[in-house]
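Please keep the sequence and the coordinates at hand while reading.

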Amino acid sequence: MLPKMSRGCLLSLSFPRFLKWIVIGLGIFFIIESIIFNTVILYSLWKFRTVLTQVLNAPGYTFIDKLTTLQEARDVINVGKEGGFTTLMRHTLGRVYVESLDPTDSCQWNDSLKVTSQQNSHLPLVSKFGIDVSNAGEALYLYRRIKQRQLYSPVKWKNLIVDIGANDGLLSSNSFNFIQWGWSAVLVEPQNYQLELAKRNLLGYTDQHRDQDVKFVNAVIGEKDGTVDFVLSSDAVAMESHVMRYKETTEQTVIKVRSFSVQSFTKLYDVPKIFGILSIDAEGMSTEILHQWIDLGYRPVYILYEALHEKEHISRTVQYLDKAGYTFLTKLGWNYIFEKHFP
């Protein structure tokens, strides 16, 4: 008579059999998946060959003429002609630019480099590609306006951008490219985490020459100095965190954030009366902030103003700025763009 086996022994004997079935099951699964995948690939190639043959055999002198015999291609072209192609180019190729770097220019930026331009004359110009990261191409739009204006403008201003609501300093940023181009900047962002991201995203661009000065301010610009309740949005991509107003009911996180009036802010960070660009994206407080700047006599040459969530209708804002000598240029994405004209 055979001795009785313990439960542990039975498990030890059955485990290799269980492992065997797992291996078999996985093998069957990969075989089926491979068959399906290859079938899809073969069908796609056959379909492509059929369509390509149909196009090549179609009447017409050029490939485009032949391609337009397909209804699908005609539908795409119709959409493109109604603005699709220009929109695609504006948001792809239209955002790419080539920047030339002259190594002789860097000598005047750094006093510690005791090198003359003649000694550097053997160094070639270096070119690099750049991308306009602003929401709807605002950076390159303003760059072109500024370059044109420098030819005839009687007023000189500081190459400074004040970015209120800077977020991470990169995604849809109005200031990132200008800092890349050597401008000074004051980036104001109430969310400390986003401001730290901005510092990392701008690493290497904030000290390109001795006149460039980039400051990061963890605060909000508001009606008065002190602290305010700030509502943190759970959607970091939507960027809709905002100052709590009128004791709104919310289940989102509320934190205390330092607040500056425009008067205190400009004094503390030495903002001149006339400077390059003021960008305001303050989720419901942009109007009040804008009025403070203008009423205090500050005249940024260009204003980028997001009117989303604002009580004042944009037509009223246009009229208000017109009295201060500003012309409404255009709206790109969410931003209304204004230009100051000096007598």
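Asp229 is partly exposed, because its relative accessible area of 22% falls between the limits of under 20% for buried and over 50% for exposed. The model in which this value was computed is a predicted one. The partner of Asp229 is Lys256: their side chains meet in a salt bridge, with an N to O distance of 2.8 Å. This pair links distant parts of the chain, since Asp229 belongs to strand 7 (residues 226-232) and Lys256 to strand 9 (residues 253-260), 27 residues apart. Lys256 has 61% relative accessibility and therefore counts as exposed.

How many salt bridges does a search of the whole structure find? The search finds 5, and the bridge between Asp229 and Lys256 is one that meets the definition of a side-chain nitrogen within 4 Å of a carboxyl oxygen.

Another part of the model holds a network of salt bridges that links Arg145, Arg149 and Glu339. In one of its pairs, the side chains of Arg145 and Glu339 meet at 2.6 Å, N to O. Arg145 lies in helix 5 (residues 138-149) and Glu339 in strand 13 (residues 335-340), so this bridge ties together parts that are 194 residues apart in sequence. Arg145 counts as partly exposed because its relative accessibility is 25%, while Glu339, at 2%, counts as buried.

The side chain of Glu339 also meets that of Arg149 in a salt bridge, at 3.7 Å from N to O. Here too the pair links distant parts of the chain, with Arg149 in helix 5 and Glu339 in strand 13, 190 residues apart. Arg149 has a relative accessibility of 4%, so Arg149 counts as buried.

The last stop is Ser184, in strand 4 (residues 184-188). Is Ser184 buried or exposed? Ser184 counts as buried because its relative accessibility is 4%, and the cut-off for buried is under 20%. Which residues does Ser184 touch, not counting those up to four places away in sequence? The contacts of Ser184 are Lys158, Asn159, Leu160 and Ile161, together with Asp211, Gln212 and Asp213.

Definitions and conventions: Residues numbered from 1 in each chain as written. Predicted model: local features only at pLDDT ≥ 70, side-chain atom pairs only at ≥ 80, totals over all residues. Heavy atoms only, no water. Helix = DSSP H or I, 4+ residues; strand = E, 2+ residues; numbered from the N terminus. Buried < 20%, exposed > 50% of the residue type's maximum accessible area, 1.4 Å probe, protein only. Contact = heavy atoms within 4.5 Å.
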